[in-house]
Amino acid sequence: MKKLGFIILSLFTISCSYKLYVTENIADQRELKNIKFDKKFNVQMLEKIDENKIYSYHYEATTIDYSIYSYLRLFPGGQYAMFYESTSKLPNFNDLENAQHVGYYIIENGYLKLETPTGNGNTFSYRIIYKFRIENDTLTEYIKGIPNRIYIGKSVSGLQNVKPNW
């Protein structure tokens, strides 16, 4: 009985701490409450990336039936939107309510850094910084200094000049 009580208390604590740092809007998008990158962004950072492209990555597991498509859209004001799909069908990148999480980015020393609300109970404040090396039309994610996922920048027809509301 004590074990069950401890598990329930732990889950409640994790749930409460999540709500201290992350908010979800009507579209169930996750966003950090304490944003730091919005104040660090400047327009000179736009010289390193192409905000008129969508950066995409596809992961497919070899041992189980699992596939995920990730899409990153960058905006000229320092905001980004991350979209995920389970099929190769492209989401509507102009409807920002379809994004799973949103936030801000900066560019420092040739790296794109995304400020994300993707932490969990093992990370302090749920604020995780994804770090990508910018090389032409590719963004290579680095985790603890090791290359991981590679996002390829592609032009997408119908991409409109929409303004993020965050």
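Start by selecting Arg-149 and Glu-141, which form a salt bridge with the closest N and O atoms 2.6 Å apart; a salt bridge here is a side-chain nitrogen of Lys or Arg within 4 Å of a carboxyl oxygen of Asp or Glu. The model is predicted: local features need pLDDT of at least 70, side-chain atom pairs count only at pLDDT 80 or more, and totals for chains, interfaces and linings use all residues. Residues are numbered from 1 along each chain as its sequence is written, and side-chain values use heavy atoms, with hydrogens and water left out.

**Around Arg-149**

Colour the pair by accessibility. Glu-141 counts as buried because its relative accessibility is 2%, while Arg-149, at 21%, counts as partly exposed. The cut-offs are under 20% relative accessible area for buried, over 50% for exposed, and partly exposed in between, with a 1.4 Å probe and protein chains only.

Arg-149 lies over the face of Tyr-57, at 5.8 Å from the ring centre. The charged end of Arg-149 also sits over the ring of Tyr-130, 5.9 Å from its centre. To count, NZ of Lys or CZ of Arg must be within 6 Å of the ring centre and within 35 degrees of the ring normal.

**The aromatic rings**

Rings of Phe, Tyr and Trp (its six-membered ring) pair if their centres lie within 6.5 Å; planes under 30 degrees apart count as stacked, over 60 as edge-to-face and the rest as tilted. By this rule there are six aromatic pairs. One of them, Tyr-59 with Tyr-66, is tilted, at 6.2 Å centre to centre and 55 degrees between the planes. Tyr-59 is partly exposed at 38% relative accessibility, and Tyr-66 is partly exposed at 40%. Phe-132 and Tyr-151 make an edge-to-face pair, because their centres are 5.4 Å apart and their planes are at 90 degrees. Phe-132 lies in strand β8 and Tyr-151 in strand β10, so this pair ties together parts that are 19 residues apart in sequence. Both Phe-132 and Tyr-151 are buried.

Show the cartoon next. Strands (E, at least two residues) and helices (H or I, at least four) are DSSP runs, numbered from the N terminus. Two strands pair if DSSP finds at least two bridges between them. Strand β8 (residues 128–135) pairs with β9 in the antiparallel sense over five bridges, and Ile-134 stands opposite Leu-139 in β9. Two residues separate the strands in the β8 and β9 hairpin, where Asn-136 takes a positive phi near 55 degrees.

β9 and β10 also pair in the antiparallel sense over five bridges, with Pro-147 in β10 as the bridge partner of Tyr-142. Their hairpin likewise has two residues between the strands, and Lys-144 takes a positive phi near 50 degrees there. Most residues other than glycine have a negative phi. Lys-144 counts as exposed because its relative accessibility is 83%.

Which residues does Thr-140 touch, not counting those up to four places away in sequence? Thr-140 lies in strand β9, and its contacts (heavy atoms within 4.5 Å) are Lys-131, Phe-132, Arg-133, Glu-135, Pro-147, Arg-149 and Ile-150. Thr-140 is buried, at 8% relative accessibility.

The structure holds three salt bridges. Select Asp-137 and Lys-53, whose side chains meet at 2.6 Å, N to O. Asp-137 is in the loop between β8 and β9 and Lys-53 in the loop between β2 (30–32) and β3, so the pair ties together parts 84 residues apart in sequence. Lys-53 is buried at 14% relative accessibility, whereas Asp-137, at 30%, is partly exposed.

Then select Lys-113 and Glu-108, which meet in a salt bridge at 2.7 Å, N to O.

**The nonpolar core**

Finish with Leu-72, Leu-74, Tyr-105, Leu-112 and Leu-114, the residues with the most contacts inside the largest nonpolar core, which has 34 residues. Such a core is a set of buried Ala, Val, Leu, Ile, Met, Phe, Trp, Tyr and Cys residues joined through side-chain atoms within 4.5 Å. β3 (54–60), β4 (67–74), β5 (79–85), β6, β7 and β8 each supply at least two residues of this core. β6 gives the most, with five residues.
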